[in-house]
Amino acid sequence: MRHGVARFVTGFLALPVALYLFYVVWPFAQAAGYSLTDWGGYSDSQHFVGLDNYVRLLSDELIRKAFWHNVFFLVTVPLFTIALALFLAFLLNVGGREDRAGIRGVFGSGLYKVIFFFPQVLSLVVVAVMWQQIYRSDNQGLINGLLMKVGLVDPENPIAFTADPEPFLGVPAVLWWLLLIAVWSGAGFYMVLFSAAMQSIPKDIYEAAILDGAGRFHTFFKVTLPLLRETISVAWVYLGFIALDMYALVFVMTPSQGGPNHASEIFASVLNFTAFQKGQFGYACAMGVALAIFTILLAALQLRITRRDRIEF
Amino acid sequence: MSVTPEKPGDLSRRILLQRAAAAGLLAVPAAGLLSACAGSEPSKSDNNGGAAKSKDNPFGVKDGSAVKVVIFNGGLGDQWAKEDKTVFNAKHPNITVNMSSTQKIKTEEQPKMATQPSDLVMNSGADSMDRSTLINEGAIEPLDDLLTAPAWDGEGTVADTLLPGTVGDGTQNGKFYVVNVAYTVWGNWYNAALFKKEGWQAPTTWDEFFALAPKIKAKGMAPYVHDAVHGYYPRWGLFASIWKAVGKQAVIDIDNLKDGAWKVDGIVAALEPWEKMVKDKLLLPGNLNHTQSQQAWLDGKAAFIQVGTWLKNEMAATIPPGFELTLSDYWSNAGDKAAKDVFAGSGEGFVVPSKAPNKEAAKEFLRAILSKAGSAKFAELTKSLASTKGSGDNVQDSALASANALMKNASADLISVKFPDFYADLDKESQNLSEELMAGRLTAQQFVDKMQAAADKVAKDSSIKKQTRTA
């Protein structure tokens with residue numbers, strides 16, 4: 001019997017694994033190989049240059065700038081998205097009136113759930129194109145147009161949004177505007193994730209807390225948050241990957257794709273320029289490999305830090 | 001409720017799913033970036049000789065073969081190319097033309113360049129392949145034999161039929177690589193009907209413009225607008241000013257990365273009117289892109305817009321009735337060295353990949369595009385000039401007529417800038433800095449200093465192959 005099971009499992013897995021190896025793992029390996037060459041991308045001639053591309057990476061000013069912009073997103077995207085998602089999930093599940101029916105969400109929470117989740121069903125490029133209209137910097141832009149009508153924005157001096165490189169808290173404004181989109185489009189999904197986790201917390205724990213006189217503030221910080229720790233940790237890792245990408249938003253939303261004047265340059269935009277404009281595929285592959293290594297290290301670190309005793313209900 | 005330590009043995013289904021999803025997602029950002037770099041094994045293209053060569057078939061195209069042509073479907077559309085297909089098939093009914101059109105030339109064609117490229121690619125638009133890279137990598141074919149081939153339906157050779165500058169524009173390192181099929185004139189557009197109604201005179205100098213500007217503003221219009229998202233739009237105007245004020249040699253020196261080329265007397269002064277335009281708030285507020293800014297101009301929100309002659313075709317659907325698109329030359333200053341030189345040249349370049357399986361047919365198709373019949377259709381359909389002589393002779397159109405008139409009064413030298421084609425880094429920096437200057441974040445002096453620094457950086461970088469411009 002066991003023999004048959006093994007054959008059954010192998011039969012199911014062989015094809016997906018083969019496809020995965022060929023279409024995912026093999027290109028990865030190829031890219032790593034190209035990163036050790038001076039391949040330009042348009043011919044079949046290439047020379048082995050060893051680790052030259054990686055050495056060059058360390059002294060590349062643009063890459064350094066892009067790296068710090070990615071770090072900015074790496075810190076802020078998970079922080080704001082999770083905070084907002086937790087807040088919404090708490091309100092929708094346990095933030096409502098406390099009565100004899102026990103714990104419930106605020107009035108109309110089912111509808112809110114659908115609304116908040118909605119951005120998740122849109123592709124990131126669609127989201128970016130939509131936000132282009134919202135951020136448009138004349139009176140036809142949704143925000144600028146409204147604010148001009150009520151007289152809060154001077155038509156001679158509209159809000160520049162993603163064309164604004166002026167630093168806010170030491171970070172170019174364009175990055176903050178991009179962050180807003182990332183958080184808006186991400187929060188809904190994590191709200192649903194946290195909602196599901198919250199619903200699996202037994203109601204009697206809350207009831208006990210309420211009986212002991214805990215208000216919403218204490219229920220959240222003393223009961224909900226500790227019991228969601230594991231889910232939040234996973235969300236943090238996911239959002240970290242999203243923060244390291246951000247390519248679609250930068251590509252569609254910013255002037256000269258990484259502008260104005262490199263103010264929103266990220267790893268992926270520099271990589272794209274190096275490969276496809278400058279025709280230095282070898283060097284661009286080295287950037288890709290470096291980013292992949294960085295991502296893996298980060299994920300490993302994150303999972304290690306948050307590993308902890310698990311509570312079973 | 002119990003508290004248990006997490007051991008591999010009691011890995012719950014939920015944890016397993018979380019981990020698996022995490023591992024899957026881990027691959028996502030890296031996958032896109034990494035697989036972008038991966039290619040496939042190169043295959044050798046076989047060239048099994050061609051048919052006999054003749055005056056009607058100078059490249060020896062084989063009957064029964066097929067040719068794959070990729071058209072950039074941008075501001076000019078792609079209908080004109082379909083007409084060229086008809087012209088081609090009239091002479092070669094047994095050759096199949098597989099024509100496709102796209103806006104994503106680089107995205108779709110670059111991955112095939114090293115292995116199995118299309119035969120003829122119109123390398124144009126924002127998503128086009130870097131020309132110097134193509135040439136340096138030996139990825140595209142020199143087309144000097146096309147120039148010496150007989151013209152499709154006229155006297156002389158193909159070269160004889162081309163407008164001035166077309167051969168030079170397509171030449172790099174002494175060889176002719178890029179066949180530009182459109183002829184573009186750049187300048188400041190205005191609505192002649194509006195100017196007549198208001199009694200405004202279209203300015204020819206900066207002084208006249210700055211005198212007219214307050215009158216335009218009084219009508220609730222911005223005097224000027226341009227695409228502020230793609231840096232090469234404002235860059236045209238900046239370089240027109242440099243060329244007109246300091247002369248051709250100054251721009252040639254800039255293109256050749258000559259030491260101190262940006263520090264030549266007069267360059268800062270040439271750019272100062274643009275700085276003044278920003279400082280005096282004569283630009284339409286907002287960072288509009290090309291179509292948004294062009295629409296704003298058509299809607300009467302701004303009096304002038306700087307762009308090329310593809311404008312009419314690009315905006316054809318939304319031009320209000322009675323709106324007379326009229327092109328005028330970039331403004332100059334008294335004492336300019338080359339005030340009469342016009343910013344014009346050929347563009348929309350076709351290339352033949354070195355590994356293309358049917359290069360003969362690709363060249364033959366180019367001959368058809370450059371034919372009299374094909375060029376006339378091009379001008380008629382796109383309201384732009386073709387790069388061949390006399391293409392617009394029979395087209396009635398105010399935009400085309402004003403461009404024609406401008407070219408008639410132009411001196412022999414045409415304004416052109418080569419370094420953006422030569423060096424991708426400098427192209428990007430100059431676009432960024434042009435945007436910054438026109439956003440008021442740089443003065444003309446700072447712009448010049450930063451351009452010099454960027455040029456020096458490219459000049460010193462030994463990994464970048466250097467190009468030379470002679471004329």
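A residue is termed buried if 20 or more other C-beta atoms lie within 10 Å of its own, exposed if 12 or fewer do, and partly exposed in between, with C-beta atoms placed from the backbone.

## Basis of the model

This is a predicted model, in which local features need pLDDT of at least 70 and side-chain atom pairs count only at pLDDT 80 or more, while totals for chains, interfaces and linings use all residues. Residues are numbered from 1 along each chain as its sequence is written, and chains are lettered from A and ligands numbered from 1 in the order in which they are written.

## B:Ala192

Because B:Ala192 has 17 C-beta neighbours inside 10 Å, it counts as partly exposed. B:Ala192 belongs to helix 8 (residues 192–198) of chain B; helices (H or I, at least four residues) and strands (E, at least two) are DSSP runs, numbered from the N terminus.

Neighbours within four places in sequence aside, B:Ala192 is in contact with B:Glu324 and B:Thr326, contact being C-beta atoms, placed from the backbone, within 7 Å. B:Leu327 is 135 residues from B:Ala192 in sequence, yet their C-alpha atoms are 9.2 Å apart.

## Domains of chain B

Chain B is assigned domain 1 (66–184 + 346–407) and domain 2 (185–344 + 417–460), with bounds from an automatic or database domain assignment. Taken over C-alpha atoms, the centres of the two domains of chain B are 28 Å apart. Domain 1 of chain B gives 17 residues to the contact and domain 2 of chain B gives 19.

On the side of domain 1 that touches domain 2, helix 4 (131–136) and helix 17 (398–409) of chain B each give two or more residues. Helix 17 of chain B has the largest share, 6 residues. This side of domain 1 of chain B divides into 6 nonpolar, 8 polar and 3 charged residues; Ala, Val, Leu, Ile, Met, Phe, Trp, Tyr, Cys and Pro count as nonpolar, Asp, Glu, Lys and Arg as charged, and the others, Gly among them, as polar.

## Annotated spans of chain A

An unreviewed UniProt entry annotates "transmembrane region" at several spans of chain A, including 174–193 and 235–254; such annotations may be inferred rather than shown by experiment. Residues 174–193 of chain A are 100% helix, with end C-alpha atoms 29 Å apart. Residues 235–254 of chain A are 90% helix, and their end C-alpha atoms lie 27 Å apart.

## Backbone features of chain A

The loop between helix 11 (247–253) and helix 12 (267–277) of chain A holds A:Pro260, and the peptide bond from A:Gly259 to A:Pro260 is cis, with omega near 0°. A:Gln257 also lies in the loop between helix 11 and helix 12 of chain A. The phi of A:Gln257 is positive, near 45°, and this residue counts as buried because it has 20 C-beta neighbours inside 10 Å.

Conventions. Contact = placed C-beta atoms within 7 Å.
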